[in-house]
Amino acid sequence: MSTLALNASRLCKRYGPLRAVDDVSFSVRHGEIVGLLGPNGAGKTTTINMVLGILQPSSGSVAIEGIDIARNRSRALAHTNFAAAYAQLPGNLTVLQNLRFFGLLYDVAGLRARIEQLLIEFDLQGLRDTRSGVLSSGEQTRLALAKAVLNRPRLLLLDEPSASLDPSAADLIRSHIRAMASEAGCGILWTSHNMYEVEQTCHRVLFVSHGRILLEGDPRALPQEHGVATLEELFIRLAREPLAPPRAAS
Amino acid sequence: MKTRPIAAIALRQFYLMRSSPTRTLPMVAWVVIDIILWGFISRYLNSITSTGVDFTSSLLGAVLFWDFFTRVMTGVTMAFFEDVWSRNFINLFASPLLISEYLSGLVLTGTATSMVGLIAMVAIATPLFGLHYAALGLLLASAMVLRLGPASEWLVWPIPAFLSPFVGVFYPLSTLPPWMQAVGHLLPPAYVFEAMRAVIAGRPYPAAALWAGVALAALYVLLASWLFTHIYRYAVRSGLLARYSAESVS
């Protein structure tokens with residue numbers, strides 16, 4: 001088994017002269033939670049889309065559990081799962097139907113028992129026959145996360161998973177995610193604009209701007225290293241003044 | 001290919017139909033109207049002509065098969081559009097689902113929903129208009145339709161109305177001018193309708209011709225799958241798939 005849940009190597013995505021992602025390399029180890037931070041349009045979602053195989057890089061490679069996604073997409077994606085605000089689950093299916101549908105899609109063994117376990121874990125038992133389209137945003141997030149862990153992924157991609165949650169629910173979700181990493185050894189790539197949450201949860205962060213990784217390090221140590229008081233201050237500074245000018249496409 | 005992801009695609013449609021009369025009603029409503037309308041037309045033609053031709057067998061049989069073909073087409077198209085409307089592509093294509101599994105699931109769904117219409121048509125046509133399957137030898141032809149149906153769906157999907165004159169739904173291909181006959185011989189449903197007329201007329205079952213139709217259907221399935229895969233790869237390369245999903249939140 002690979003020691004890395006994810007290895008992205010020299011990823012580039014060009015749209016004509018625009019470099020949405022420019023020579024980005026990073027990895028996520030098992031049991032590690034890595035925060036992918038950056039302002040809107042920095043290239044975070046483009047990077048995640050390339051990891052998920054729904055966007056082909058212009059150059060570079062992505063390996064999940066050591067499996068190159070370009071060569072063996074299905075086998076690589078069997079080890080991963082995701083939850084994102086822009087990928088809502090079919091609203092005309094109930095909670096239970098959604099979990100069955102995705103359980104079959106990911107070919108989950110012992111599906112019935114797994115679903116029951118997740119319904120309890122994410123406090124969705126009372127909503128099992130409710131259509132997901134009428135759930136509150138917090139309930140929808142819990143369902144999206146239950147779907148995201150259905151197949152016990154070795155790599156979990158979370159694009160702002162707690163954006164619509166109240167503090168208590170967000171804390172509960174963070175606990176779940178930390179447990180996924182520490183107990184199940186799942187590698188997690190997480191995007192968030194909530195710096196408190198990032199400090200609380202992530203072992204390491206990558207700051208992305210103009211499609212490039214500008215900084216990498218421990219979210220609790222980085223602010224001091226760069227002469228600011230908080231991670232949020234560092235974020236604002238990086239978002240407004242990138243450390244190096246972006247390279248133009250050749 | 002795995003069976004469970006294919007089952008997932010079909011199960012999703014089953015869930016949608018089970019919960020919505022607006023989806024299930026059209027499966028039988030239109031075919032019932034067609035059978036009643038054409039049944040009475042056939043009965044009227046039998047009463048005013050003395051040609052010895054049994055219009056009930058020929059016309060009603062043709063309507064029955066043509067409705068089946070077009071229902072398969074509608075079934076697959078609707079299943080596909082459910083994913084378009086619910087912006088579900090990112091969930092599907094960021095999973096281990098293979099394109100071949102997705103297409104198989106759609107075709108399975110289209111065929112299964114069409115069978116409901118076919119059963120309704122036979123249930124009405126047999127007692128009301130004396131269309132006896134066993135007597136007509138249509139059971140054998142029906143088995144062939146099941147083999148040809150999905151392939152024929154890919155054929156008639158874009159413009160079924162345009163194809164209907166060429167496949168000889170209500171008349172033998174020999175009625176057509178040579179160039180239309182040539183086109184007709186390229187279309188799998190034409191072989192089914194020719195076979196149906198041969199059986200009704202008491203001629204031997206044209207097995208060789210039907211196998212030629214099966215071979216053509218298989219070829220069209222391969223071509224359609226190649227085209228779908230080609231378009232999918234273009235969408236992944238150009239970012240259309242990822243952008244399409246992201247647009248859902250704007």
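In chain A of this predicted model, 67% of the contacts with a separation of 6 or more are made by residues 24 or more positions apart. Keep that figure in mind as we walk through the chain, since the pairings below show where some of these contacts could be looked for.

Start with the overall outline. Chain A is built from nine helices and 10 strands. Its C-alpha atoms fill a box of roughly 50 × 40 × 35 Å along the principal axes.

Six strands of chain A form an open sheet in the order 6-7-8-3-9-10, and the pairing is mixed. At the edges are strand 6 (80-84) and strand 10 (212-217) of chain A, each of which pairs on one side only. From one strand to the next, the twist averages 15 degrees.

Let your eye settle on strand 8 of chain A. How many of its five residues are buried? Five of the five are, so strand 8 of chain A is largely enclosed by the rest of the structure. Both of its faces are covered: Gly187(A), Leu189(A) and Thr191(A) are buried on one side, and Ile188(A) and Trp190(A) are buried on the other.

Strand 8 of chain A also has a partner on either hand. With strand 3 of chain A it runs parallel, joined by four bridges, and here Leu36(A) has Thr191(A) as its bridge partner. With strand 7 of chain A the pairing is again parallel, over five bridges, and Leu156(A) stands opposite Ile188(A). To get from strand 7 to strand 8 of chain A, the chain passes through helix 6 (residues 167-184) of chain A, making a right-handed β-α-β crossover.

Strand 9 (residues 204-209) of chain A pairs with strand 10 of chain A in the antiparallel sense, over five bridges. One pair to look for is Val208(A) with its bridge partner Ile213(A) in strand 10 of chain A. Helix 1 (residues 44-51) of chain A packs on the sheet, where it touches strand 3 (33-37), strand 7 (155-159), strand 8 (187-191) and strand 9 of chain A. The direction of helix 1 makes about 150 degrees with that of strand 7 of chain A. Helix 9 (residues 231-240) of chain A lies across strand 3, strand 9 and strand 10 of chain A, and runs at about 25 degrees to strand 9 of chain A.

Finally, a word on confidence. The model scores ipTM 0.86 and pTM 0.79. Chain B averages a pLDDT of 76, with 81% of the residues scoring at least 70. Which elements of chain B have the lowest and the highest mean pLDDT? The lowest belongs to helix 6 (residues 133-136) of chain B, at 42, and the highest to helix 9 (residues 178-184) of chain B, at 92. Over residues 133-156 of chain B the pLDDT is below 50, and this stretch has 64 contacts in the model beyond near neighbours in sequence. Residues 246-250 of chain B also have a pLDDT below 50, with six contacts beyond near neighbours in sequence.

Terms used
Residues are numbered from 1 along each chain as its sequence is written. Chains are lettered from A and ligands numbered from 1 in the order in which they are written. This is a predicted model: local features need pLDDT of at least 70, side-chain atom pairs count only at pLDDT 80 or more; totals for chains, interfaces and linings use all residues. Helices (H or I, at least four residues) and strands (E, at least two) are DSSP runs, numbered from the N terminus. Two residues are in contact if their C-beta atoms, placed from the backbone, lie within 7 Å. Two strands pair if DSSP finds at least two bridges between them. Axes are lines fitted to C-alpha atoms, for helices over the stretch in contact, and angles run from 0 to 180 degrees between N-to-C directions. A residue is buried if 20 or more other C-beta atoms lie within 10 Å of its own, exposed if 12 or fewer, and partly exposed in between; C-beta atoms are placed from the backbone. A crossover is right-handed if, with the strands pointing away from the viewer, the path from the first strand over the helix to the second runs clockwise. pLDDT is the predictor's confidence in each residue, from 0 to 100.
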